Amino acid sequence: LAPTLEAGSASATCDTYADGVLACAEQFGVRVVEVWGRGGQEARRAQLDWRGCQSEQRKRQLRGFLRSELDGSAKKGVVDGLGKEDRWLFGLLNLNSFASARFGPA
């Protein structure tokens with residue numbers, strides 16, 4: 001769309017989803033622009049809350065996974081590939097005590 005939102009252009013064809021004509025003309029005029037919102041502040045807060053919950057859930061799962069590797073209850077894997085320079089990962093997951101046990105004091 002042009003910055004004035006009065007006209008636009010499109011490629012004649014598009015191979016992204018299917019072969020064929022994408023638009024009836026390469027140049028076109030615009031009569032109506034439909035704008036979709038995200039639901040206002042309440043929806044934005046709900047989205048941020050959901051993201052926070054998802055992030056915490058992923059951290060809990062990763063902490064559990066790393067703990068199982070660190071205490072030897074899991075087969076050899078990811079933790080064996082971590083070096084002292086990866087200490088930040090343990091801090092991010094609140095596993096500093098495991099980092100100290102593995103690499104010694106910071």
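What is the mean pLDDT of the protein, and what share of its residues reach 70 or more? I looked this up before anything else. The mean pLDDT is 76, and 71% of the residues reach 70 or more; pLDDT is the predictor's confidence in each residue, from 0 to 100.

**Ground rules.** I am working with a predicted model, in which local features need pLDDT of at least 70 and side-chain atom pairs count only at pLDDT 80 or more, while totals for chains, interfaces and linings use all residues. Residues are numbered from 1 along each chain as its sequence is written, and side-chain values use heavy atoms, with hydrogens and water left out.

**Elements.** I listed 3 helices and 2 strands. Helices here are DSSP runs of H or I with at least four residues, strands are runs of E with at least two, and both are numbered from the N terminus. From the N terminus on, the order is β-β-α-α-α.

**Surface and burial.** I noted an accessible surface of about 8,600 Å² for the protein, with 54% of it belonging to carbon and sulfur atoms. Accessible areas come from the Shrake-Rupley method with a 1.4 Å probe, and for residues only the protein chains shown count as cover. Of the 106 residues, 16% are buried. I use buried for under 20% relative accessible area, exposed for over 50%, and partly exposed for in between (1.4 Å probe, protein chains only).

**Contacts.** I took contact to mean heavy atoms within 4.5 Å. Among contacts between residues at least 6 apart in sequence, 23% join residues at least 24 apart.

**G8.** I found G8 in strand β1. G8 counts as buried because its relative accessible area is 8%. Leaving aside residues up to four places away in sequence, G8 touches L1, A2, E26, Q27, F28 and V30. For G8 and F28, 20 residues apart along the chain, I noted a C-alpha separation of 5.4 Å.

**Nonpolar patch.** Which residues make the nonpolar surface patch of about 480 Å²? I listed L1, L5, F28, V33 and V35. Patches are made of residues with over 30% relative accessible area and no salt bridge; like charges are joined within 9 Å, and nonpolar side chains (Val, Leu, Ile, Met, Phe, Trp, Tyr) within 5 Å. L1 is in the segment before β1 (7-9) and counts as exposed, since its relative accessibility is 62%. L5 also lies in the segment before β1; L5 is partly exposed because its relative accessible area is 42%. I flagged the phi of L5, near 65 degrees, as a positive value in a residue other than glycine. Most residues other than glycine have a negative phi.

**Salt bridge.** I counted 1 salt bridge, the rule being a side-chain nitrogen of Lys or Arg within 4 Å of a carboxyl oxygen of Asp or Glu. The side chains of E56 and K59 form it, at 4.0 Å from N to O. Both residues lie in helix α1 (residues 40-70), 3 residues apart, about one turn of the helix. E56 is partly exposed because its relative accessibility is 35%. K59 is partly exposed too, because its relative accessibility is 25%.

**R63.** Is R63 buried or exposed? I found R63 in helix α1, and R63 is buried because its relative accessible area is 13%. R63 and L95 are 32 residues apart in sequence, and I noted 7.5 Å between their C-alpha atoms.
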